Amino acid sequence: MKNVNFVKKALAMMMAAAMCLSMAACGSSGSDTSAASAAASAPEASAASAAQTEGGTTYKVGIVNYVDDASLNQIVNNLEKELDAKGAEMGVTFNYADYYANAQADSAVLTQIGADLVADQVDIIVAVATPTALTMMSATEDTDIPIVFAACSDPVGAGVVASMDAPGGKVTGTCDGLDAQALINLILAANPDTKKVGLLYDTAQDASTSAIAQAKEILGNANIEVVEKTGSTTDEVLLAAQALVAEGVDAVFTPTDNTIMAAEQAIYQVFADAKIPHYAGADSFALWGAFCGYGVDYANLGTVTGDMVAEILVNGKDPASYPVATFNNGIVSVNTETCEALGYNLEDIKAAFSEIATDFVELTTQQEFE
């Protein structure tokens with residue numbers, strides 16, 4: 001995927017600064033002009049800008065991805081497609097290509113990205129995942145730059161918005177909250193004799209907090225033993241997965257947790273070899289080897305996020321009163337290769353899940369969605 005190249009940007013800024021010094025009489029007015037703005041005065045950038053604005057207004061759209069994983073990448077890809085489509089429909093240009101960055105789950109990098117986008121005077125920021133939203137809110141605190149978040153699982157609980165119906169402030173977006181009860185129902189549908197369930201997640205992920213609490217309550221009420229294992233890096237998650245195998249759990253539950261998602265390709269074989277199904281809160285987990293992914297269609301979430309950006313920038317919709325979009329489509333995705341490795345019959349699984357899921361999707365292990 002694309003990413004901001006900070007080294008090249010820094011060199012461009014230095015060159016632009018040198019040009020400005022040699023052309024002092026033509027310098028910009030105002031002390032708040034950023035180095036990034038100076039870089040835009042280079043001949044190449046000016047030509048590109050003119051080309052972009054020939055067909056109408058150009059909006060600078062900052063897109064900040066939290067980490068590379070199948071779910072979040074799917075959101076970004078569909079967001080960009082929708083911005084292109086909406087731009088053509090509305091006669092404007094959404095320039096996101098120059099303002100995309102991926103923090104790779106590094107908080108310091110997230111902070112720097114936020115500062116860069118503010119300096120670039122973007123018109124809006126799309127913040128993918130809860131940590132990204134919180135950091136971008138902090139970065140834009142003293143500006144009027146609106147934020148549209150994508151895939152915040154509990155935006156109210158995380159303090160991103162005041163409420164789902166009336167977000168308040170300048171922030172709104174799309175929520176990928178998980179129906180923990182439905183995912184546990186899938187576990188019990190496949191194996192009614194389940195006695196012990198492992199909960200695998202990252203304690204630092206806001207996306208996991210609410211869903212894990214719900215899962216513990218639901219499983220406790222059903223007299224099913226809970227074993228919790230956590231990790232914040234791929235190596236730690238691998239050790240946690242091996243520990244769950246050693247504990248003899250009957251199944252593993254993971255919410256929409258980006259840390260576990262990023263580690264899925266390192267752990268799915270561990271569970272498959274032990275004949276332990278891994279159930280998770282997104283289809284991307286199944287794409288990367290988990291037995292079952294259930295919940296939000298991230299392609300659709302990315303599209304809706306793009307629509308919200310267009311409505312705010314072009315039609316002047318106020319984020320403060322723009323309700324957060326939620327999704328509960330009940331799509332279950334099963335990795336057919338892992339299903340076979342676990343010793344399950346695919347047709348039996350389809351039948352078991354038919355009363356819970358609204359749709360059944362078969363996947364095989366691969367890197368990205370087609």
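**Figure 1. Salt bridge between Lys229 and Glu247.** In this predicted model, Lys229 forms a salt bridge with Glu247, with 3.9 Å between the closest N and O atoms; a salt bridge is a side-chain nitrogen of Lys or Arg within 4 Å of a carboxyl oxygen of Asp or Glu. Because Lys229 lies in strand 8 (residues 225-230) and Glu247 in helix 9 (residues 234-247), the pair ties together parts that are 18 residues apart in sequence. Helices (H or I, at least four residues) and strands (E, at least two) are DSSP runs, numbered from the N terminus. Lys229 is partly exposed, at a relative accessible area of 24%, and Glu247 is partly exposed at 36%. Buried means under 20% relative accessible area, exposed over 50%, and partly exposed in between (1.4 Å probe, protein chains only). The model is predicted, so local features need pLDDT of at least 70 and side-chain atom pairs count only at pLDDT 80 or more, whereas totals for chains, interfaces and linings use all residues. Residues are numbered from 1 along each chain as its sequence is written, and side-chain values use heavy atoms, with hydrogens and water left out.

**Figure 2. Salt bridge between Glu89 and Lys86.** The side chains of Glu89 and Lys86 meet in a salt bridge at 3.8 Å, N to O. The two residues are three apart in helix 4 (residues 70-90), and are therefore separated by about one helical turn. Glu89 counts as exposed, at 59% relative accessibility, whereas Lys86 counts as buried, at 15%.

**Figure 3. Salt-bridge network of Glu347, Lys350 and Glu362.** Salt bridges link Glu347, Lys350 and Glu362 in a network. Within it, the side chains of Glu347 and Lys350 meet at 3.6 Å, N to O. Both of these residues lie in helix 14 (residues 346-353), three residues apart, about one turn of the helix. Lys350 counts as partly exposed, at 27% relative accessibility. A search of the whole structure finds five salt bridges.

**Figure 4. Contact between helix 7 and helix 8.** The axes of helix 7 (residues 180-190) and helix 8 (residues 206-221) come within 9 Å and cross at roughly 50 degrees. Axes are lines fitted to C-alpha atoms, for helices over the stretch in contact, and angles run from 0 to 180 degrees between N-to-C directions. The two helices are therefore oblique to each other: angles under 35 degrees count as roughly parallel, over 145 as roughly antiparallel, 65 to 115 as roughly perpendicular and the rest as oblique. Ala180, Gln181 and Ile184 in helix 7 meet Ala211, Gln214, Ala215, Ile218 and Leu219 in helix 8, where contact means heavy atoms within 4.5 Å.
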